[in-house]
Amino acid sequence: MTALSREIHRSGKHLGFVPTMGALHQGHLSLARTARSQSDVVVVSIFVNPRQFGPKEDFSKYPRSFEQDSALLQAEKVDYIFAPSVEEMYPQGATSWVKVEEISDRLDGRSRPGHFHGVTTVVSKLFNIIQPDLAFFGQKDAAQVAIVRKMVRDLNFDVRIVVCPIVREQDGLAMSSRNVYLSPEQRKQAVILYRALMRVQTLADQGESDAAKLMAAGKQVIAEEPAARLDYFEIVNSDTLEPVRNISHGALVAVAAHVGATRLIDNIMLMGPGQAKVGG
Ligand code: AMP
């Protein structure tokens, strides 16, 4: 992969990279499509990264569908799939980690200790191996975006991060590889995360700017669905992930909840008055 990347750069082409864990859906494919439109050569990685799963999490049962994934990526005219084995990525004795301190302990980092250290370690390794000019990430994982951006700044990675909007099912549920875990009944209940976010959006559109009140309203919606167990509902600065008191300068509204045994996340960006709407 590194030799190939060198050759691509030697020929003056721009390389776009989309990191994924496979089990691809339209969310991933939208990233591949955006990469296709902005780069000469597109590389998509498929790697279920053990280091970002906690000991009691779903690493072993995480959905894997390489054949189907490669057919979908071929249809999107992706040039290369990089799908290393766990042993290749973490040979015995590999003990180095990339940790972005403080911010990695917020939002999902608080509920999933060490998760983002696994993410920043694997993303660093992938950046070093693939040497992309552009790397495409989904707004779906808003905390991941903030942390990867900070890592790129802190460690001078020579790559531009492009963030793509959240792709949703018709009823609003954010697409996720983990949605396959949901029973038909849970699948219907799972839309509560989006409903809670939309409630906050509506109140903000009506002029409410107090983050505490908006959060309380969002949590109230989640509480109305007994099948959902709230992990967090927070309104934060989208760069630092620190709580904000007021949304008048824009804010990230992020939610995580369990429906049955499945942990789901979703978010929206609130724009302060007079700010242009961007992203998803
Ligand atoms: P994953 O395979 O879950 O690690 O996701 C790989 C990339 O796809 C990440 O940058 C995710 O944020 C992005 N992604 C996942 N789901 C969606 C979605 N519904 N809409 C947009 N991007 C997504």
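This report describes the surroundings of the ligand, the salt bridges, the aromatic pairs and one serine in a predicted model.

## The ligand and its shell

The ligand is surrounded by 17 residues, and the closest are His 28, Gly 138, Asp 141, Val 167 and Met 175. By residue type, the shell around the ligand divides into nine nonpolar, six polar and two charged residues. Three elements, strand S1 (15-20), helix H2 (26-38) and strand S4 (134-138), each supply at least two residues of this shell. Helix H2 provides the largest share, namely three residues.

An oxygen atom of the ligand is 2.9 Å from a polar backbone atom of Met 21. A nitrogen atom of the ligand lies 2.8 Å from a polar backbone atom of Val 167, and a nitrogen atom of the ligand is 2.9 Å from a polar backbone atom of Met 175. On its own the ligand has 480 Å² of accessible area, of which the protein covers 92%.

## Salt bridges

The count of salt bridges comes to eleven. One of them joins Arg 263 and Asp 108, with the closest N and O atoms 3.0 Å apart. This pair links distant parts of the chain, since Arg 263 belongs to strand S8 (residues 262-270) and Asp 108 to helix H5 (residues 108-111), 155 residues apart. Both Arg 263 and Asp 108 are buried. These two residues also take part in a network of salt bridges that links Asp 108, Asp 231 and Arg 263.

Asp 266 forms a salt bridge with Arg 168, and the closest N and O atoms are 2.8 Å apart. Asp 266 lies in strand S8, whereas Arg 168 lies in the loop between strand S5 (160-164) and helix H8 (184-189), 98 residues apart. Asp 266 counts as buried because its relative accessibility is 3%, under the cut-off of 20%. Arg 168, at 22% relative accessibility, counts as partly exposed.

The side chains of Asp 171 and Arg 187 meet in a salt bridge, 2.9 Å from N to O.

## Aromatic pairs

A pair of aromatic rings is described by the distance of the centres and the angle of the planes. Five aromatic pairs are found in a search of the whole structure. In the pair of Phe 47 and Tyr 90, the ring centres are 6.2 Å apart and the planes stand at 45 degrees, so the pair is tilted. Phe 47 lies in the loop between strand S2 (41-46) and helix H3 (66-75), and Tyr 90 in the loop between helix H4 (86-89) and H5, so the pair ties together parts that are 43 residues apart in sequence. Phe 47 and Tyr 90 are both buried.

The rings of Phe 53 and Phe 59 have their centres 5.4 Å apart and their planes at 65 degrees; the pair is therefore edge-to-face, as the angle is over 60 degrees. Phe 53 counts as buried at 9% relative accessibility, whereas Phe 59 counts as partly exposed at 26%. Elsewhere, ring pairs link Phe 17, Phe 127 and Phe 157 into a cluster.

## Ser 30 in helix H2

Ser 30 is found in helix H2, the element that supplies the largest share of the shell around the ligand. With a relative accessible area of 15%, Ser 30 is buried. A polar atom of the side chain of Ser 30 lies 2.7 Å from the backbone oxygen of Gly 27. From C-alpha to C-alpha, Ser 30 and Ala 142 are 16 Å apart in space, and they are 112 residues apart in sequence.

Methods. Residues are numbered from 1 along each chain as its sequence is written. This is a predicted model: local features need pLDDT of at least 70, side-chain atom pairs count only at pLDDT 80 or more; totals for chains, interfaces and linings use all residues. Side-chain values use heavy atoms; hydrogens and water are left out. A residue is near a molecule or strand if one of its heavy atoms lies within 4 Å of it. A polar contact is a pair of N or O atoms within 3.5 Å; within protein, one must be able to donate a hydrogen and the other to accept it, and residues adjacent in sequence count only if both atoms are side-chain atoms. Accessible areas come from the Shrake-Rupley method with a 1.4 Å probe; for residues, only the protein chains shown count as cover. Helices (H or I, at least four residues) and strands (E, at least two) are DSSP runs, numbered from the N terminus. Ala, Val, Leu, Ile, Met, Phe, Trp, Tyr, Cys and Pro count as nonpolar, Asp, Glu, Lys and Arg as charged, and the others, Gly among them, as polar. A salt bridge is a side-chain nitrogen of Lys or Arg within 4 Å of a carboxyl oxygen of Asp or Glu. Buried means under 20% relative accessible area, exposed over 50%, partly exposed in between (1.4 Å probe, protein chains only). Rings of Phe, Tyr and Trp (its six-membered ring) pair if their centres lie within 6.5 Å; planes under 30 degrees apart count as stacked, over 60 as edge-to-face and the rest as tilted.
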